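Here is a short report on pockets and helix packing. Please view the model first.

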Amino acid sequence: MKKLHFILASSLIFTLLFYNEDFGLNWSIFGLLQTALICYFFQEKLSNRLHLVLVITSVLSCFAFAWYGDIASFFAMAFSIVFLQFKTQESNLKMLQVFPLVVVNGIASLGRILMFGQYIPKRKVNSGVAKQLIAYFIIPAVFLGLFLIVYSFGSNHFSSLFTDYYLDIDAWQALVLIALGFYISFTFWNYWIPEVCYEKNELLDNDFKEAAKTENQNSFSFLDIDFERRSGEITLFLLNALLLVFIATYNYEQFFEVADISKLSSATHERVNAVIFSIVMAVGVILFYFKGGFNFDEKANNLKKLAKIWILLNGVLILSTVIKNSEYVAFYGLTYKRLGVYAFLILAIIGLVISFVKITKQKTNAFLFNQMLWYVYGTILLCSFVNWGNLITNYNITVGKGVEHGFLKNLNFNHAAYFSYRKSHPEKSVNDYDFKEEQITNNQEDSFLSKALYFEFVKVQK
């Protein structure tokens with residue numbers, strides 16, 4: 001199939017799936033069909049384990065969106081399919097380039113759609129094609145039209161087959177969907193990769209080139225390599241000393257100082273924010289000093305040791321924050337934000353481990369970003385597969401924390417646990433019509449393509 005065939009087929013499918021429908025199951029079907037097209041027509045390019053993993057995650061994330069229809073599963077589905085398409089068509093380019101290319105193509109496609117020569121195949125119309133057109137279409141259509149007119153005059157019932165109905169089509173909606181479907185399909189199947197992406201692709205390699213291993217790269221033109229190395233040692237020594245003091249005061253406030261329960265929330269937020277900035281800056285320091293020559297400098301052993309100590313101390317800080325967040329959960333129960341803090345801290349630990357590996361194995365800065373991309377992607381996938389609202393509800397009910405009606409009511413996909421708790425605690429129930437019941441009813445009344453399948457398996461409980 002030509003690019004034009006993929007674009008037109010995808011555009012038609014998009015229009016049929018979304019006409020007179022809300023966003024729902026139709027996105028999942030559209031995503032599955034795009035995945036199927038890639039797997040069928042480009043199966044010879046699906047040559048390694050990563051391709052198989054991306055096919056599986058694309059299918060699973062489509063099912064996740066079909067079930068929940070929420071923002072997390074939508075991004076998991078979109079990333080999976082875009083990653084699969086990119087890795088299938090451009091296997092030599094680093095995955096980090098996906099994100100700027102999506103933005104660039106999202107803008108560039110508005111103009112490139114008018115460059116018909118890029119995706120419409122050029123054909124020379126010969127006499128054979130003209131003869132086929134006349135013989136197979138024009139002549140039969142003329143005779144069919146003439147006999148339809150004759151038969152219509154001879155039978156009212158026959159005439160009514162063609163006159164007693166009209167097409168109830170929202171022309172404006174159809175036009176918008178056709179345009180949107182064509183734009184999405186064009187961007188997906190006929191994307192543009194600037195030449196600079198190929199030229200600079202090697203900058204995203206995990207390993208240094210041989211020339212870089214012997215080359216001393218100064219960060220500042222006014223400092224030679226010896227002064228810069230000593231500057232790095234002094235900087236990391238002072239940062240380690242400062243971080244030790246911070247860890248000591250941080251943990252004293254957490255575990256030994258009498259805490260005011262009413263201020264626990266604000267104190268936790270402040271400390272978590274401090275840790276977030278500390279970890280980001282810690283990774284920045286590592287990337288600054290180990291971007292090139294210092295990775296192979298035999299005189300930089302002290303600098304490497306100090307950097308590893310810096311990483312380990314930041315790991316201790318993260319561990320302390322995990323304990324603090326757990327204390328917060330013990331007092332108030334789980335929430336989406338508290339789970340988000342755990343997710344960030346786990347990713348931060350992974351980032352520090354990768355930074356440690358980067359220094360030990362003498363990898364490039366791009367190695368850190370290349371590896372973290374997959375861990376962040378995996379986190380998004382996990383978020384799309386797990387019913388966090390139900391998990392929070394069941395945990396809070398079990399421990400008797402965070403079970404206020406207003407809070408539980410606003411959690412997503414926790415209907416069965418919420419109804420069960422409300423039924424067993426009538427003193428905490430409210431008399432007004434609960435919007436969670438209305439939510440189920442409204443979703444079940446949606447047309448099939450607009451549904452989230454989760455609501456088909458939940459019943460309203462009075």
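## Largest pocket

The lining of the largest pocket divides into 19 nonpolar, 6 polar and no charged residues (Ala, Val, Leu, Ile, Met, Phe, Trp, Tyr, Cys and Pro count as nonpolar, Asp, Glu, Lys and Arg as charged, the others, Gly among them, as polar). This is a predicted model: local features need pLDDT of at least 70, side-chain atom pairs count only at pLDDT 80 or more, and totals for chains, interfaces and linings use all residues. Residues are numbered from 1 along each chain as its sequence is written, and side-chain values use heavy atoms, without hydrogens and water.

The volume of this largest pocket is about 740 Å³. Among its 25 lining residues, Ala-78, Val-82, Val-102, Thr-187 and Phe-188 are the closest to the centre. A pocket is an open set of points on a 1 Å grid over the protein atoms alone, where a 1.4 Å probe fits, with protein on both sides within 12 Å along at least five of seven lines; lining residues have an atom within 4 Å of a point. Helix α4 (71-89) gives the largest share of the lining, 9 residues. Helices are DSSP runs (H or I, at least four residues), numbered from the N terminus.

## Second largest pocket

The second largest pocket has a volume of about 540 Å³. Its lining has 24 residues, with Ala-343, Thr-379, Leu-382, Cys-383 and Trp-388 closest to the centre. The lining divides into 17 nonpolar, 6 polar and 1 charged.

Notes
Grid points are joined across faces, edges and corners, and a volume is the space filled by probe spheres set on the points. Helices (H or I, at least four residues) and strands (E, at least two) are DSSP runs, numbered from the N terminus.
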